Amino acid sequence: MNLQGILNKEQEEAVLHGEGPLLILAGAGSGKTRVLTYRIAHLIADRGVSPWNILAITFTNKAAGEMRERVDQLAGFGAEQVWVSTFHATCVRILRRHIDCIGYQTNFTIYDTDDSKSLIRDVCRQVGVDTKVYKERSLLSAISAAKNEMITPEQFARDAAGDYGQEQVAKVYQAYQQQLYRNNALDFDDLLQKTVELFSRTPEVLAYYQERFRYILVDEYQDTNTVQFEFVRLLADRYRNLCVVGDDDQSIYKFRGANIENILSFERHYPDAKVIKLEQNYRSTGNILKAANGVISNNRGRKEKRLWTEAEEGKKIPLLQFDSAYQEAEYIVGDIRSKVRSGFYEYRDFAILYRTNAQSRLFEEKLLLSGTPYKIIGGVNFYARKEIKDLLAYLKTVDNGQDDLAVKRIINVPRRGIGNTTIARIEEYAGERGISFYEGLLQAENIPGISRAQNSIRSFVKPIQDARAKADSCSVKELLEKLIEDSGYVRELEEADTDEAKNRMENIDELFSKIAGYEESAQEPSLSGFLQEVALVADVDSLENDQNYVVLMTLHSAKGLEFPNVYLTGMEEGVFPSYLSFAMEDPADLEEERRLCYVGITRAKRELTLTWAKMRMQRGETQYSMPSRFLREVPKEVLDGAAGERGDQKRLEGFLAAGGFGQPAVFGQTGRTGQSGAAGQTGRTGFSGVSGQTGRTGQSGAAGQTGRNSRFQGKYQSAIMTGKQMQVNKAEGLSYGVGDRVSHVKFGQGTVMNIADGGKDYEVQVNFDSCGVKKMFASFAKLKKCP
DNA sequence: CCATCCACGTTTTTT
DNA sequence: ACGTGGATGG
């Protein structure tokens with residue numbers, strides 16, 4: 001493979017490294033993914049390593065997907081044999097084959113955090129621990145921490161002896177683990193922990209995987225916790241061809257067990273390890289890098305390194321002060337719009353970053369008001385929504401009746417008149433006989449004291465038994481269709497006829513699209529396969545590069561991403577750094593916040609804007625804050641002098657005087673035209689040409705919809721309330737009209753019959769070739785116009 | 001058994 | 001401010 005001119009000296013050295021342990025300390029933007037992918041390609045092409053013998057591990061599905069793509073491109077034929085996946089997915093794959101060696105069944109279900117919490121609640125009731133004294137959340141994090149440190153319930157109990165509080169936790173931990181086992185379920189931590197247990201207890205299984213994975217590469221190594229480290233260590237033990245890439249300055253997950261020591265002490269574990277530092281940054285301008293270096297250099301206990309770049313200095317960094325968070329949001333949205341209007345940037349070039357999810361609210365409001373397309377990453381996960389969890393519980397029950405939690409979740413959803421008393425009786429009956437809750441239901445006639453519920457139980461069990469009978473011959477889609485029909489789930493929602501019910505229906509439709517997507521892409525689609533995939537997806541994974549919208553997310557979610565324009569917002573003492581990080585007196589917590597700041601700054605390629613507000617609402621209270629200490633740590637010479645001190649006021653005034661956006665005066669103007677003001681604006685400035693957004697911009701002015709600012713605001717407020725992520729704004733307009741041919745992921749092609757303005761969205765009526773007329777919401781249906 | 005009301009607790013997040 | 005979950009009364 002010819003690497004000439006593609007890599008710098010250090011990168012090349014890392015790529016060409018032969019056998020043995022290798023630690024790559026890769027600063028932000030130094031091309032670590034490039035090094036990893038080229039290294040894989042090099043191993044295959046130049047060293048004759050079989051792709052089959054390579055394992056590449058990442059933390060997120062998105063990172064895995066990206067690496068997969070790049071490896072496939074680079075390494076060409078055979079590349080698909082390389083195992084590229086997340087820690088958790090890797091473990092699931094191994095456990096599905098071998099977990100029977102340690103007593104579980106291979107069709108185990110995976111519990112998410114919500115499931116774990118419910119289980120903890122149940123368990124606390126069982127063992128008589130008061131959840132008012134011992135909160136589920138803290139119990140769960142104690143248990144999770146124990147699992148990450150590979151402390152078994154028995155060992156935990158031993159260590160806890162004498163400490164009443166710890167003894168209670170130990171009791172819960174033990175019972176929790178037992179119940180998981182009975183439910184044939186694993187929580188997220190178990191996936192790692194059980195794999196390590198499997199390796200330790202069955203040397204032949206370990207030997208198989210050691211032999212299989214002769215070359216192991218781990219990305220984001222600074223985020224590994226103790227179990228993950230142990231997992232990697234065991235796998236690599238035989239051939240010692242372990243290559244890890246990480247940046248101790250970007251370790252931001254200590255709170256969930258990431259052990260920064262893993263990277264700092266790699267050389268201790270592998271004294272013969274080769275260490276390569278990548279310090280040349282290819283992402284950001286000189287000023288942005290200086291800011292990042294300035295901030296991070298305040299941390300102690302880090303590996304010394306200094307990012308440098310050959311790139312130009314770039315623009316100075318505006319540091320803007322606002323009286324309120326409201327104005328901060330207004331300014332930023334206006335700034336984005338004017339930069340887009342200038343024609344030099346598109347919406348997708350901007351990211352608004354903040355410390356906590358709650359801060360997204362104000363930005364969302366302003367973006368909606370101005371008709372700017374945006375996407376919020378994070379917040380409530382799609383798969384964490386009630387209706388979705390309900391339906392998945394139905395599917396889980398069909399797939400694996402041993403999951404008591406899933407069964408109990410839906411036994412009375414929709415309402416069947418099965419209450420706590422009945423459930424307790426069944427639990428008791430099943431407990432005595434050592435059978436699962438669902439098996440108990442099947443024998444309901446034998447259970448005394450629940451005669452009145454007999455019919456209800458039958459009406460719950462029947463649809464599930466029917467579905468089971470068909471599970472092998474039916475697609476997942478057909479199975480779920482039948483289940484929601486027979487169980488009356490959708491009927492209940494239809495009858496409710498509220499906005500909320502409508503929203504849920506849309507989410508259910510979305511779930512069907514996901515199922516359709518799965519069944520198309522999977523090699524051998526199956527119910528278990530679908531449930532497994534769904535259990536391991538996150539929200540960041542849904543970030544699509546080809547969509548044109550402003551992205552909003554927490555600093556944590558932003559790691560690994562880059563944007564031409566970044567706004568680092570809410571830079572206030574108490575917000576960022578979070579008050580919790582200095583209330584606890586552990587200086588390590590503050591250092592983690594500082595790393596977070598470093599991560600935020602280094603996301604920016606061309607322009608970075610730092611903002612803070614003197615006043616903002618937090619938890620219903622007005623809070624006044626001082627500027628963040630991190631702002632002081634940014635070297636003065638890279639800050640935009642004109643923007644400092646009073647400069648920001650000037651800018652703001654200038655901006656507003658120039659017509660800005662969003663203020664009542666502007667709305668009055670646009671409203672008057674009766675058509676759509678913002679559309680006129682965007683049209684004039686060549687917005688549609690630049691953005692590549694099709695769409696009749698004539699529809700795009702949200703302001704044009706109503707003349708009255710307040711009414712308009714109310715309408716959009718309700719859209720915010722629903723919590724639905726408006727990936728495609730109504731305000732963006734539709735790319736199709738009545739009579740056009742369109743296609744839909746699930747229903748295929750059809751003809752648009754009608755488009756009605758449904759308030760916060762368009763309701764589109766389409767006559768599909770395959771299944772007739774359907775009504776759907778435009779923002780959700782993602783209809784594509786057929787050429 | 002179910003609907004309604006009040007109190008509580010709110011970082012960050014993957015999987 | 002806001003949603004969740006437990007207690008309470010019908």
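This is a predicted model: local features need pLDDT of at least 70, side-chain atom pairs count only at pLDDT 80 or more; totals for chains, interfaces and linings use all residues.

User: What is the accessible surface of chain A, and what share of its contacts joins residues 24 or more positions apart?

Analyst: Accessible areas come from the Shrake-Rupley method with a 1.4 Å probe, and for residues only the protein chains shown count as cover. The total for chain A is about 34100 Å², with 48% belonging to carbon and sulfur atoms. A contact means heavy atoms within 4.5 Å. Among contacts in chain A with a separation of 6 or more, 73% are between residues 24 or more positions apart.

User: How many salt bridges does the structure hold?

Analyst: Side chains of opposite charge can pair when their charged atoms come close. The criterion is a side-chain nitrogen of Lys or Arg within 4 Å of a carboxyl oxygen of Asp or Glu. By this criterion the structure holds 52 salt bridges. One of them joins Glu230 and Arg233 at 2.8 Å, N to O. These two residues are three apart in helix H11 (residues 226-236), so about one helical turn separates them. Glu230 is buried at 18% relative accessibility, whereas Arg233 is partly exposed at 27%.

User: Where do Lys482 and Asp486 lie, and how do their side chains meet?

Analyst: The side chains of Lys482 and Asp486 form a salt bridge at 2.7 Å, N to O. Both belong to helix H22 (residues 476-487), four residues apart and thus separated by about one helical turn. Lys482 is partly exposed, with 26% relative accessible area, and Asp486 is partly exposed at 32%.

User: Which parts of the chain does the pair Arg283 and Glu562 tie together?

Analyst: Arg283 and Glu562 meet through their side chains in a salt bridge of 2.8 Å, N to O. Arg283 sits in the loop between strand S8 (274-278) and helix H14 (286-296), and Glu562 in the loop between helix H26 (555-558) and strand S13 (563-568), so the pair ties together parts 279 residues apart in sequence. Arg283 is buried at 16%, while Glu562 is partly exposed at 38%. Elsewhere, Asp247, Asp248, Asp249, Arg302, Glu304 and Lys305 are linked in a network of salt bridges.

User: Which residues gather in the patch of negative charge?

Analyst: Patches are made of residues with over 30% relative accessible area and no salt bridge; like charges are joined within 9 Å, and nonpolar side chains (Val, Leu, Ile, Met, Phe, Trp, Tyr) within 5 Å. Lys and Arg count as positive and Asp and Glu as negative, with His and the chain ends not counted. A charge is placed at NZ of Lys, CZ of Arg, CG of Asp or CD of Glu. The negative surface patch consists of Glu485, Glu492, Glu494 and Glu495. Helix H23 (residues 489-496) supplies its largest share, three residues. Glu495, in helix H23, is exposed at 62% relative accessible area.

User: Which residues make the nonpolar surface patch?

Analyst: Tyr579, Leu580 and Phe582 make a nonpolar patch of about 260 Å². Leu580 lies in helix H27 (residues 579-583) and is partly exposed at 41%.

User: Is Gln250 buried or exposed?

Analyst: Gln250 is buried, at 6% relative accessibility. Its place is in the loop between strand S7 (242-246) and helix H12 (261-264). Beyond neighbours within four places in sequence, Gln250 contacts several residues, including Gly27, Asp223, Lys559 and Arg603.

User: Which peptide bond is cis, and what is the phi of Asn184?

Analyst: Most residues other than glycine have a negative phi, and most peptide bonds are trans. The bond from Phe576 to Pro577 is cis, with omega near 5°. Asn184, not a glycine, has a positive phi of about 50°; Asn184 is buried at 2%.

Key
Residues are numbered from 1 along each chain as its sequence is written. Chains are lettered from A and ligands numbered from 1 in the order in which they are written. Side-chain values use heavy atoms; hydrogens and water are left out. Buried means under 20% relative accessible area, exposed over 50%, partly exposed in between (1.4 Å probe, protein chains only).
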